Amino acid sequence: MKKIILVGKSGSGKTSLCQRMLHEELNYKKTQAIEVLGGTAIDTPGEYLEHRQFYKALVVTAVDADAVLLLHAANDTEFVFSPRMSGMFNRPVIGVVTKTDLDSRPERLSQVEYALRYAGAQAVFFVSNRTGEGIDSLKEYIEKL
Ligand SMILES: Nc1nc2c(ncn2[C@@H]2O[C@H](COP(=O)(O)OP(=O)(O)O)[C@@H](O)[C@H]2O)c(=O)[nH]1
Ligand SMILES: [Mg+2]
């Protein structure tokens, strides 16, 4: 499996997505530091995105990855990604809209997709870590990079 790094606010579903992709049992655990799960997924604390002084830590960590996943929950109306922030990674950047089971209104989903594309995502996937919807297409896309 390709190595990925997950970036997104606290609560956006990074740890759950890692667990889904690695078929681990879903169990809630707050990520306190950078963790490598299953040798392939780098889970980062949400604080790294929320405070610009931590951006460097994300960039350094991303060097180890084949792709960067930017996560945003479908039911979250506050956007934190900077325009074109993909540029700092020098890696393929993929947008992932999580929690589609909580809000699947088309206008909401396209608003989030727009924000992720504005941040530089080359593709955007819609997933639910609860139902598992969309996870397979995301994994397939990553493996083909
Ligand atoms: N309904 C729903 N809840 C989710 C989804 N993904 C994560 N959650 C829940 O949202 C909370 C935060 O998820 P977590 O993976 O820890 O987010 P992280 O802080 O980005 O690692 C937890 O209570 C998860 O069970 C999803 O796709 N749908
Ligand atoms: Mg986490």
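Author: This is a predicted model. Lys99 is a place to begin: it is buried, with 22 other C-beta atoms within 10 Å, where 20 or more count as buried.

Reader: What is the phi of Lys99?

Author: Lys99 has a positive phi of about 60°, although it is not a glycine. The residue sits in the loop between E5 and H4.

Reader: And Asn90, buried or exposed?

Author: Asn90 is exposed, with 11 other C-beta atoms within 10 Å. Asn90 also has a positive phi of about 60° without being a glycine. Its place is in the loop between E4 and E5.

Reader: On to the sheet. What is the strand order?

Author: The sheet is open and has 6 strands, in the order E2-E3-E1-E4-E5-E6, with mixed pairing.

Reader: Which strands stand at the edges?

Author: Strand E2 (35-37) and strand E6 (123-126) do. Each has a single partner strand, so one side of each is left without a neighbour in the sheet.

Reader: How much are neighbouring strands turned against each other?

Author: By 25° on average, with direction ignored.

Reader: Take E1. How many bridges join E1 to E3?

Author: There are 3 bridges between E1 and E3, and the two strands run parallel. Within that pair, Ile5 stands opposite Ile42 in E3. E1 is also joined to E4, by 4 bridges, and that pair runs parallel as well. There Ile5 stands opposite Val68 in E4.

Reader: What else is Ile5 in contact with?

Author: Leaving aside neighbours within four places in sequence, the contacts of Ile5 include Thr44, Thr61, Ala62, Ala65 and Leu69, besides Ile42 and Val68.

Reader: Are the faces of E1 covered or open, and by which residues would I tell?

Author: Both faces of E1 are covered. Ile4 and Leu6 on one side are buried, and so are Ile5 and Val7 on the other.

Reader: What about E5? How many of its residues are buried?

Author: In E5, 6 of the 6 residues are buried, so the strand is largely enclosed by the rest of the structure. Val93, Gly95 and Val97 lie on one side, with Ile94, Val96 and Thr98 on the other.

Reader: How is E5 paired with E4?

Author: E4 and E5 run parallel and are joined by 6 bridges. Leu71 stands opposite Val96 in E5.

Reader: And on the E6 side?

Author: E5, which covers residues 93-98, is joined to E6 by 4 bridges, again running parallel. Val96 stands opposite Phe125 in E6, and the bridge partner of Gly95 in E6 is Val124.

Reader: How many residues are in the largest nonpolar core?

Author: The largest nonpolar core has 35 residues. Those with the most contacts inside it are Ile5, Leu6, Val68, Leu69, Leu70 and Val96. Strand E4 (residues 67-73) gives the largest share of this core, 5 residues. In soluble globular proteins, nonpolar side chains tend to be buried together.

Reader: Now the helices. Which strands does H1 lie across?

Author: Helix H1 (residues 14-21) lies across E1, E2, E3, E4 and E5, running at about 160° to E3.

Reader: And H4?

Author: Helix H4, residues 106-118, lies across E4, E5 and E6, and runs at about 155° to E5.

Reader: Last topic, ligand 1. Which residues come nearest?

Author: Gly13, Lys14, Thr15, Ser16 and Asn129 come nearest, out of 18 residues around ligand 1.

Reader: Which element gives the most to that shell?

Author: H1 does, with 3 residues.

Reader: How do the shell residues divide by type?

Author: Around ligand 1 there are 2 nonpolar, 12 polar and 4 charged residues.

Definitions and conventions:
Residues numbered from 1 in each chain as written. Chains lettered and ligands numbered in written order. Predicted model: local features only at pLDDT ≥ 70, side-chain atom pairs only at ≥ 80, totals over all residues. Core = buried A, V, L, I, M, F, W, Y, C linked by C-beta atoms within 7 Å. Buried ≥ 20, exposed ≤ 12 C-beta atoms within 10 Å, placed from the backbone. Contact = placed C-beta atoms within 7 Å. Pairing = 2+ DSSP bridges. Axes fitted to C-alpha atoms, helices over the stretch in contact; angles between N-to-C directions. Near = placed C-beta within 6 Å. Nonpolar A, V, L, I, M, F, W, Y, C, P; charged D, E, K, R; others polar.
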